[in-house]
Amino acid sequence: MKNSYSLRYPHPVLLSSKLKRKKIVEIVINDNKFTLFRNKVNKPQAVPSACPHRGANLAKGKLDKNFELICPYHAWKINHKGMASSPSAPKRVCKIHNLKTWEKYGVIWVANEDTTEKFPDFMEDNFSLVGKFSQKFEAPINVVIDNFSEIEHAFKVHRFIGSDKKDLHTVNFSVSIEEEETKGISSGKYRKQPFIFRKLFGIEKGDYYHNDWSFKFKPLNASYRNYWTNKTGNKVRSNQYIITTFFTPITSNKVDIFVFVQMSIKNKFLRKIKSILSFFTVMVTKYEIWEDAKIARFAPEKPEENTSWKLTSFDKQIFHNRKKAERIYFGIQEKNTVAEEV
Ligand code: FES
Ligand SMILES: [Fe+2]
């Protein structure tokens, strides 16, 4: 299999905990199938699933005592360097595409073997990583990009982010567009929450919720900084959260999202219950992203024939993000997108 354009960038593909020592897992990225396993030094190794001999699915194979991958059909063997050899014709040896792999932040990442792109680090100073998880979206990548490019749906779809319906007039949203990154800045009166929730999150009644994000394309990912202030914005509350989501396209209608939750707590008392807060925050984030996945299934990628979408200023980033994803991530030059610039 030839190198794929998008796999020049490292992609998260599986939580480390899901790849046990002798396990073989098939992963799919942009319709390309790979077989993932741990080699003799316990490092994740990923190779194209089609055996170089006659294409049988290597993911159905086995690992031998040296943790080399054995094809289930004629038992060709793949070693840790990606050399394939035949037991029946020992001189028949060939090199296959052995992806580059990383195991970082509790997740396995892969890219083309010869990638020169740097690893997409997302950790912020003074924040600590408190959790990670993955979530499947049964929707095209464009629909997923759309969902993560606007805040308008927050009051309807979400329970913990955004404003209440009656306070939508307080919501401010602006966008800035750079060559390889887009940014969204949003704020609005925070939705009503129970007393205990406000105390745990260090929030006062009448506070404003801010969600500022940046969307990047090498690979597709976005980081959202969530924080609260008083109404005038001059007092920033104790707890801040950065939710980073990586979007790994699987097929034309499936995307795996890998989510990393970072937290920073200023308040001394709240810091003492950091582990409770971490747990609670990861649960809340899981719930909210699950809600996104639920609704994304019902959103189309384009308008029905002979119709157009009536976009508003909240949709402003969608148009840019789709175009940048096409150009930077997929390597497709100028093509018409369905969204008109607003
Ligand atoms: S197809 Fe894999 S060994 Fe023949
Ligand atoms: Fe959402």
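User: What makes the largest nonpolar core a core, and which residues have the most contacts inside it?

Analyst: In this predicted model, the largest nonpolar core has 56 residues, with Leu36 and Val144 having the most contacts inside it. It's called a nonpolar core because its members are buried nonpolar residues joined through C-beta atoms within 7 Å. Strand 18 (residues 254-265) gives the most to this core, seven residues. Both domain 1 (6-111) and domain 2 (128-329) supply at least three residues each.

User: Which residues is Leu36 in contact with, if you skip its neighbours within four places in sequence?

Analyst: Leu14, Leu19, Val25, Ile27, Pro44, Ala46 and Ile108. Each of these counts as a contact because its C-beta atom lies within 7 Å of the one in Leu36.

User: How do you know that the span of helix 6 agrees with its number of residues?

Analyst: Helix 6 (residues 316-329) has 14 residues, so at 1.5 Å a residue it should span 20 Å, and its end C-alpha atoms are 20 Å apart, which agrees.

User: What makes a residue of helix 6 buried, and which ones are?

Analyst: The cut-off is 20 or more other C-beta atoms within 10 Å of the residue's own. Lys316, Gln317, Ile318, Phe319, Asn321, Arg322, Lys324, Ala325 and Tyr329 are buried by that test. After helix 6 comes Gly331, with a positive phi near 70°.

User: How do you know that strands 13 and 14 pair, and how do they run?

Analyst: Pairing takes at least two bridges, and there are six here, so strands 13 and 14 pair; they run antiparallel. Asn172 stands opposite Ser187 in strand 14, and a hairpin through three residues joins the two strands. Strand 14 is also joined to strand 15 by nine bridges, again antiparallel, with Gly188 partnered by Tyr209 in strand 15.

User: Why are strand 1 and strand 10 called edge strands?

Analyst: The open sheet has three strands in the order 1-11-10, with antiparallel pairing. Strand 1 (11-15) and strand 10 (100-104) each pair on one side only, and that's what an edge strand is here. Neighbouring strands of this sheet are turned by 30° against each other on average, direction ignored. Strands 10 and 11 (residues 107-111) share five bridges, and Glu103 stands opposite Ile108 in strand 11.

Definitions and conventions: Residues are numbered from 1 along each chain as its sequence is written. Chains are lettered from A and ligands numbered from 1 in the order in which they are written. This is a predicted model: local features need pLDDT of at least 70, side-chain atom pairs count only at pLDDT 80 or more; totals for chains, interfaces and linings use all residues. Helices (H or I, at least four residues) and strands (E, at least two) are DSSP runs, numbered from the N terminus. The expected span of a helix is 1.5 Å times one less than its number of residues. A residue is buried if 20 or more other C-beta atoms lie within 10 Å of its own, exposed if 12 or fewer, and partly exposed in between; C-beta atoms are placed from the backbone. Axes are lines fitted to C-alpha atoms, for helices over the stretch in contact, and angles run from 0 to 180 degrees between N-to-C directions. Domain bounds come from an automatic or database domain assignment. Two residues are in contact if their C-beta atoms, placed from the backbone, lie within 7 Å.
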